[in-house]
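User: I have a chain open in the viewer and would like to go through it with you. Could you start with how the strands pair and then move on to the rest?

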Amino acid sequence: MTAALHPYCGAIEGSVHRYALRVFYEDTDAGGVVYHANYLRWMERARSDLVDLLGIDQAQALAEGTGLYTVAELAIRYHRPARLGETVVVETRAVSVGRVSCTLEQRILRDDQVLVDATVKIGFITPAGKPVRQPQPWQDAFAAMVSPSPVPPPVPASAEPEGPQ
């Protein structure tokens, strides 16, 4: 008897979620380069995996009529192409969390090269499409992933300008 197969999932390391993918033929155009819209699919898959790892059951929330997450805003920049057979990693970081939405930064890397980066705002809506407050435990789960902003070092007194310039 064969052991049960389990779907792949990523991992949360500190404040970063990482989700690895292999570029398959179906992801590419005739030249073996990933089609631009497939990067969006990969980022969506990584966000869904993150939500699952945070313990958020979207299917149950939808079935109960609580609501669901949807993309409200997206800004994306393509730097380099991924190609057939390569392995890429989607990294996701929470930037800010509000009552109704979360802003996430995502980037797709091949080794240490950034291929794509994006800022994605996800909003929580009712099944009818009306914005609604996220459940508090969900807000807390996303908020726990927000890295504290580094405090800039103080300017040494000797570096401050003297008198009017």
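User: What joins β1 to β2, then?

Analyst: Three bridges join β1, residues 11-13, to β2, and the two strands run antiparallel. Glu13 has Val16 of β2 as its bridge partner, and the two strands form a hairpin with two residues between them, where Gly14 in the turn has a positive phi of about 65°.

User: And on from β4, which way does β5 pair with it, parallel or antiparallel?

Analyst: Strand β4, residues 87-97, pairs with β5 in the antiparallel sense over eight bridges, and the hairpin that joins β4 to β5 passes through three residues.

User: How many bridges join β5 to β6?

Analyst: Ten bridges join β5 to β6, residues 113-125, again with the strands running antiparallel. Ile108 is partnered there by Val116 of β6, and the hairpin between β5 and β6 has two residues between the strands, with Asp111 in the turn showing a positive phi of about 55°.

User: Why is β5 described as largely enclosed?

Analyst: Eight of the ten residues of β5, residues 101-110, are buried, so the strand is largely enclosed by the rest of the structure. Among the elements of the chain, β5 also has the highest mean pLDDT, at 98, while helix α2, residues 58-64, has the lowest, at 92.

User: Changing topic: what span should helix α1 have, and what does the model give?

Analyst: The 18 residues of α1, residues 36-53, should span 26 Å at 1.5 Å a residue, and the end C-alpha atoms are 27 Å apart, which agrees. The helix is followed by Gly55, whose phi is positive, near 85°.

User: Which residues of α1 are buried?

Analyst: The buried residues of α1 are Asn38, Tyr39, Trp42, Met43, Ala46, Arg47, Asp49, Leu50 and Val51. As background for reading such a list, an α-helix has 3.6 residues a turn, so residues three or four places apart point the same way. Ala37, also in α1, counts as partly exposed at 26% relative accessibility.

User: Where is Asp27, and what does its side chain reach?

Analyst: Asp27 lies in the loop between β2, residues 16-22, and α1, and its side chain reaches the backbone nitrogen of Phe24 at 2.8 Å. Asp27 is buried, with a relative accessible area of 3%, and, not counting residues up to four places away in sequence, it touches Arg22, Val33, Val34, Tyr35, Asn38, Arg41 and Trp42. Ala37 is ten residues from Asp27 in sequence, and their C-alpha atoms are 9.2 Å apart in space.

User: Which residues of the largest nonpolar core touch the most other members?

Analyst: Of the 29 residues in that core, Trp42, Val88, Val90, Ile108 and Phe142 touch the most other members. The elements β2, α1, β4, β5, β6 and α3, residues 136-143, each supply at least two residues of this core. Phe142, not counting residues up to four places away in sequence, touches residues including Leu50, Val51, Ala94, Leu104 and Ile122.

User: Last thing, where should I be careful with the coordinates?

Analyst: The mean pLDDT of the chain is 91, and 89% of its residues reach 70 or more. Over residues 159-165, however, pLDDT stays under 50, and the model has one contact beyond four places in sequence for that stretch. Where pLDDT is low, the predicted coordinates should not be read in detail.

Notes. Residues are numbered from 1 along each chain as its sequence is written. This is a predicted model: local features need pLDDT of at least 70, side-chain atom pairs count only at pLDDT 80 or more; totals for chains, interfaces and linings use all residues. Side-chain values use heavy atoms; hydrogens and water are left out. Helices (H or I, at least four residues) and strands (E, at least two) are DSSP runs, numbered from the N terminus. The expected span of a helix is 1.5 Å times one less than its number of residues. Buried means under 20% relative accessible area, exposed over 50%, partly exposed in between (1.4 Å probe, protein chains only). A polar contact is a pair of N or O atoms within 3.5 Å; within protein, one must be able to donate a hydrogen and the other to accept it, and residues adjacent in sequence count only if both atoms are side-chain atoms. Contact means heavy atoms within 4.5 Å. Two strands pair if DSSP finds at least two bridges between them. A nonpolar core is a set of buried Ala, Val, Leu, Ile, Met, Phe, Trp, Tyr and Cys residues joined through side-chain atoms within 4.5 Å. pLDDT is the predictor's confidence in each residue, from 0 to 100.
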